[in-house]
Amino acid sequence: MKKFLASSVLATAALFPVLVNAEELNLPANMLVGQKVEIRSGATTSYPLVTSLSTGKTVTVIDEFTNSSGELWYRVDLGTNKGWGLASSFKEQTTGNSGIQIGKQAAITGDNVNVRKGATTSYEAIAKLSKGTSVKVIDSFKNSSGELWYRIESGTIKGWIIEDYLKADAEVKPPAPATETKTVQIDKAPVRKGATDSYSIVTYVNKNQAVTIIDTFKNAKGEVWYRADLGSVQGWIKETAFQAVTLPPAPETGTKTVMIDKAPVRKGATDSYRIVAYAEKNQKVNIIDSFKNASGELWYRADLGAVQGWIKETAFQAGSLPPAPETPDLPAIGSYVYSQVNSLDVRRGATSSYQSVGKLSLNQKVKVLDHFVPSSGEAWLRVQVNASLAGWIPADSASANQTINTKLYVSVDVANMRSGPSLSHSVIDQASKGAELTASETAKDSTGDLWYKVKTSSGNIAWVHETVVSKQPSVSIGTTMLVGTMNAALYAGASYDYKISERLSYNSKVSVLGEFTNSLGQRWIRIKSASGKTGWTPEYELVTSQNVFKYVFAKKGAVIRKGAGTNYGVSAYLAESESLKILRKLNGWLNVENAKGTRGWVLETQTTTVSAKRLSSPAYSTVNGENYLTWIKPSNFAVSYTTLSANRLKITGAMTDVELPKGSIKGIKSIETFASGSQKSVVLTFEPGYSFTLRDYSNKVSVKIVPFGLLGKKIVVDAGHGGHDAGAVGPTGLREKDVNLGTALLLKSELEKYGATVILTRSTDVFLELAERTAIANNSTADAFISIHGDSFSSTSKGTTTYYNSTVNFNGPRSETMGTAIQKNMISSMNTYNRGVKEQNFYVNRMNQLPSVLVELAFISNPKEEALLKTTAFRQKAAVGITKGLEEYFNNF
Ligand SMILES: [Zn+2]
């Protein structure tokens, strides 16, 4: 029966130069041990150990099994016994044309084959080998393009050749004679994969052991290392191991028992390194090294058979570790990153020992072409600098974000601020937890720590260490926050790679359990959702109030796309000045959500941080003895207002920003802005004894600040009808236009007694169009408009009415207040039937921009009221009532 091996792409691909070929294999299959492997009686590490196999051994794979952790294991037949080993430790025995094996000889099959410094054609050729040349194969590597390359050695030449130009050499030549033998002088000298202490330990050699040296190398630190051939394994030993001196104490070794569930095993000895495996509770692990990192944490290097890695000391202590989210992948190939430091070396290869071929300035933008993670764990990015230059930079020196003008928040109780970017610089200031700082620059100190250049509250320039600040205001564990976005989700871990376990409802409450900044600098919050589920969500989904978001505003023609590129589809077309919540930034694109909940990417250049819908440039001025506070409107958007208790005027509308005036303004106690989502409002609190006349123009909003009383007020008095338009005519022939003009003239005199100024729309018997009447009001800086009319219906209709409009008139709220005061005082003065204050759509009120009313004094169609309207005494009572009403209106806020 034909059986296939499952293809498997392993997360640890970059660790092991040779992987199990992902192609299907017939079982049984002969395979090579690619890496020392423990053979167990079952397909998990919890089964008893049967034996362990060294690199290079050939075994027969007779079965395969994917266990509940998703690990693929092989059952191998060892002749005398059988057992299970982790599949990633095996590699396919090449049986095709090449048949190449590590450690064995191979022959060059092409003419003038390039030997390159690295395992892609982008590396420089360091030698050419002619057809038939016999070379020793010392390593292999499958690059990100899927090409298999072999590292070969031929005389003094060492480098990489693509598999196409190599075949297994039939005449296996004897290994090159050893150049030297050296005797180990210290106990337990580590033999490492590479020629620095950061490489992993492959084995140890003992004191007085004689080893065969096959190579030497002076690394970038100037240390001499020897490559030793120990038979089953080759590796690098530091020169000091052959000198009779004392090395630092040997690391603690032995076995340790994991005390917590699912302890992460990392590539390096800090929490920021990638997780390569998990160790289970009660699992005994072999400790081969220990290391105290810069934060003072003790880490143990564990050999788990299939993989080696670092486990934090706390995993071996009873108690629980905080959840350790997996650090996400490196920036995507094809994406852009910014240099985080100035004068960053771009190197020919992916270690700092390679030659620098160029430099990047701070925030220089480069395209990511490739990744490489050497065994030291430090990831490198191959980047395109310009059309003619590409090279390698350390991944931690690049970021998807520019660093200038970054807001930082002090994350410790007291942060020291120093005169320069290192701990040796003096402390010149301090900032307390939560303080907001703006970083203008970054720098790395000699130990590689990042420092931010910031401005202190006293205006000095200082430097703060990366560990004392956060790019977000810190969240408090145990507090409740709100979901601030429409599309928030709960993830199983602190990266987008994790599964979504739940959608989070807008404005629902969540409890904060913890936080984590992943290696891409993305801050994630661990929460318990409203439904009780626990998980992770990006920090930008949560707010303490819905008003804390930063917004940008769409320019004309802006669109939201499904991804951060113009090749992505459009998910929403945006209105000009539409406000957008900024969630995050990436390479000149903003991840945003609009008010309808559409989330996606908008080009930053298609947005503006300054909305056209804002009240800007507040100015205080005095014109003809009147005091104004005026805001400019960059575009014509609608505003409205209401009055609140305690002398407060609230101006609202489709405004996204309000600039506050500086300094004090006579008559105004305070001015504050309030936010509701992206909308802003401004509240002016007036001093006692002051009120306002508010006007909304297409290009400005003006607040006339007026003291109480009629003195100095400007009032437009409009006598209805006139000329050929008599208005209503009474039973005895009394014409409304004459009643209106007569009363208007009396009202003018009455108001002038109190120091008010009156503007008459007509002072004689002439006809005016309605639009002419409102134009007089709208073009004035008057405080009120009164139109005087007589009513007409039937002979029994009676009484006085005041009308206003609030559906169109911007000053509807004030018109109603004024109308109420006028109606009340007219009734008490004229002693007529009170028909009330009514909303109506009369043109002179509707098209008026001033607080505006129309009064119907009495019914000219009613003989009794016609008789009253004929008399100067009654008209004078009307004028007195209206004046008292206006006085009351101007004496109250
Ligand atoms: Zn009329």
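A: Histidine 721 and histidine 789 are both buried, where buried means under 20% relative accessible area, exposed over 50% and partly exposed in between, using a 1.4 Å probe and protein chains only. This is a predicted model, in which local features need pLDDT of at least 70, side-chain atom pairs count only at pLDDT 80 or more, and totals for chains, interfaces and linings use all residues. Residues are numbered from 1 along each chain as its sequence is written, and side-chain values use heavy atoms, with hydrogens and water left out.

Histidine 721 sits in the loop between strand S64 (714-719) and helix H1 (736-753), while histidine 789 belongs to strand S66 (residues 784-791), so the pair ties together parts that are 68 residues apart in sequence. Helices (H or I, at least four residues) and strands (E, at least two) are DSSP runs, numbered from the N terminus.

Now to asparagine 862. It lies in the loop between strand S69 (852-859) and helix H5 (863-870). Its relative accessible area is 8%, so asparagine 862 is buried. Its C-alpha atom is 7.7 Å from that of serine 792, which is 70 residues away along the chain. Leaving out residues up to four places away in sequence, asparagine 862 touches Ser794, Ser795, Thr796, Ser797 and Lys798. Contact means heavy atoms within 4.5 Å.

Two further residues come from other parts of the chain. Alanine 415 is in strand S35 (residues 414-418) and is buried, at 0% relative accessibility. Beyond four places in sequence, its contacts are Val410, Asp429, Gln430, Ala431 and Val468. Serine 577 is in the loop between strand S50 (570-573) and strand S51 (579-586). Serine 577 is also buried, with a relative accessible area of 13%.

What of the whole chain? The protein has six helices and 69 strands. Its radius of gyration is 42 Å, whereas a compact globule of 893 residues would have one near 29 Å. That radius is taken over C-alpha atoms, and the globule rule is 2.2 Å times the number of residues to the power 0.38. Along the principal axes, the C-alpha atoms fill a box of roughly 135 × 70 × 60 Å. Buried residues make up 47% of the 893.

Confidence comes last. The average pLDDT, the predictor's confidence in each residue from 0 to 100, is 84, and 90% of the residues score at least 70. Over residues 1-25 pLDDT stays under 50, and the model has 48 contacts beyond four places in sequence for them. Residues 171-178 also have pLDDT below 50, with three contacts beyond near neighbours in sequence.
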